[in-house]
Amino acid sequence: MEAWRRQLDEPVAAFAVAKAGPAHIATLKTFDPPLTALEGRQFRGVDRRGKRLLFPTEDGELVLLVHLMTAGRLKYVPTGGSSPKSPAFRLEFDGGSRLILTENARKKRAGVWLLTPQAAEAELAHLGPEALGLGPERLGEIVHGESRRLHALLRDQRLIAGIGRAWANEILHAAKLSPYALSADLDDDEVERLAAAIDTELERGLELRERGASDEKTYRVHRRLGEPCHVCGTPIAQVDFEEHTIFYCPTCQTGGRVLKDRRLSRLLR
Ligand SMILES: [Zn+2]
């Protein structure tokens, strides 16, 4: 998300909004103020909170909030560039450039909210501290605060903001920790390793994304089932946990143990 933010920060602030919308009915989550309230206003740039991108207007009266979820993509299309006919959401700027949100998925999950700054603040109040730069001390308080499986804890935006399921896989592999390890059991060394892995992995991702690398190039563990671990050569394994599929290296992370399915649907049956 930080890579998106950096890419969009300057272009979206260059011109005032000429036309806001249309938006897919499932994508636009708010109706008051209406999207048209953006027209004639200019953005100050882009901020980020966790996985959400914020586009505050220069006059300080409105904030456009975008959450891309898994399949959403946000693209700035310069004047004259081609863009999809029916995107999930579109903004057109004076001069003809556009900001386009597409979502290549059957179920539309990405969202766009137009909010007052007060409402935006309330919307974001439940987010935990930013993952990048968290540090071992703060992370120690979080992991020991409640006992959770590490993969689930890292993805919980109320505890730590900014880590999704793919990066949870990458981070836990780099930290040599089991996705099923209970957070309260981590000792000081492990907390330190996890804090370092959060920073190095997120920074690695940021750098690659900025260079335009694809997901395939960026992820070393996520969606690499059966491929050799880049550290030890063991084939990467996967396991279903809650509604996610976790990828891990049995040698680097679980002492050779194969993790068992813990699908939510199975637990609920
Ligand atoms: Zn390995």
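Strands (E, at least two residues) and helices (H or I, at least four) are DSSP runs numbered from the N terminus, and two strands pair if DSSP finds at least two bridges between them. The model is predicted, so local features need pLDDT of at least 70 and side-chain atom pairs count only at pLDDT 80 or more, while totals for chains, interfaces and linings use all residues. Residues are numbered from 1 along each chain as its sequence is written, and side-chain values use heavy atoms, with hydrogens and water left out.

E9 and E11 run parallel and are joined by two bridges. Glu-242 stands opposite Arg-263 in E11.

A zinc ion comes next. Its donors, meaning N, O and S atoms within 2.8 Å of the metal (3.2 Å for Na, K and Ca; water is not among the atoms, so sites may look incomplete), are the SG atoms of Cys-229, Cys-232, Cys-249 and Cys-252, at 2.3 Å. The angles subtended by the four donor atoms run from 100 to 113 degrees, which makes the arrangement tetrahedral; four donors count as tetrahedral if all angles lie between 85 and 135 degrees. Along the sequence, the donor residues follow the spacing C-x2-C-x16-C-x2-C. Cys-229 lies in the loop between H8 and E9, and Cys-252 in helix H9 (residues 250-253), so this pair ties together parts that are 23 residues apart in sequence. Cys-229 is buried at 4% relative accessibility, and Cys-252 is buried at 12%. Here buried means under 20% relative accessible area, exposed means over 50%, and partly exposed lies in between (1.4 Å probe, protein chains only).

The loop between helix H8 (215-218) and strand E9 (237-242) also holds Arg-223. Phi of Arg-223 is near 60 degrees, a positive value in a residue other than glycine, and Arg-223 is exposed, with a relative accessible area of 54%. Another positive phi, near 50 degrees, is found at Met-69. Met-69 sits in the loop between strand E4 (63-67) and strand E5 (72-77), and is partly exposed at 35% relative accessible area. These details are worth a look because most residues other than glycine have a negative phi, and most peptide bonds are trans.

One runs from Gly-21 to Pro-22, with omega near 5 degrees, and Pro-22 belongs to strand E1 (residues 17-23). Another joins Asp-32 and Pro-33, with omega about 0 degrees; Pro-33 is placed in the loop between E1 and strand E2 (47-49).

E2 also takes part in an open sheet of four strands, with the order E2-E3-E4-E8 and antiparallel pairing. Its edge strands are E2 and strand E8 (111-115), each pairing on one side only. From one strand to the next, the twist averages 25 degrees. Three bridges connect E2 with strand E3 (residues 52-56) in the antiparallel sense, and Asp-47 has Leu-54 in E3 as its bridge partner. Helix H3 (residues 117-124) lies across E2, E3, E4 and E8, and runs at about 135 degrees to E8. For such angles, axes are lines fitted to C-alpha atoms (for helices over the stretch in contact), and values run from 0 to 180 degrees between N-to-C directions.

What lies inside? A nonpolar core is a set of buried Ala, Val, Leu, Ile, Met, Phe, Trp, Tyr and Cys residues joined through side-chain atoms within 4.5 Å. The largest such core has 26 residues, and among the members that touch the most others are Leu-139, Leu-154 and Ile-163. Helix H4 (136-145), helix H5 (150-155), helix H6 (165-174) and helix H7 (188-210) each supply at least two of its residues. H7 gives the largest share, six residues. A second, separate core of 25 residues includes Trp-4, Val-46, Leu-64 and Leu-68.

Trp-4 is also one of the buried residues of helix H1 (residues 2-9), along with Glu-2, Ala-3, Arg-5 and Leu-8. These buried residues pack against helix H2 (11-14), E2, E3, E5, strand E7 (98-103) and H7, where contact means heavy atoms within 4.5 Å.

Conventions:
Four donors count as tetrahedral if all angles lie between 85 and 135 degrees; four count as square planar and six as octahedral if opposite donors are over 155 degrees apart and all others between 65 and 115; anything else is irregular.
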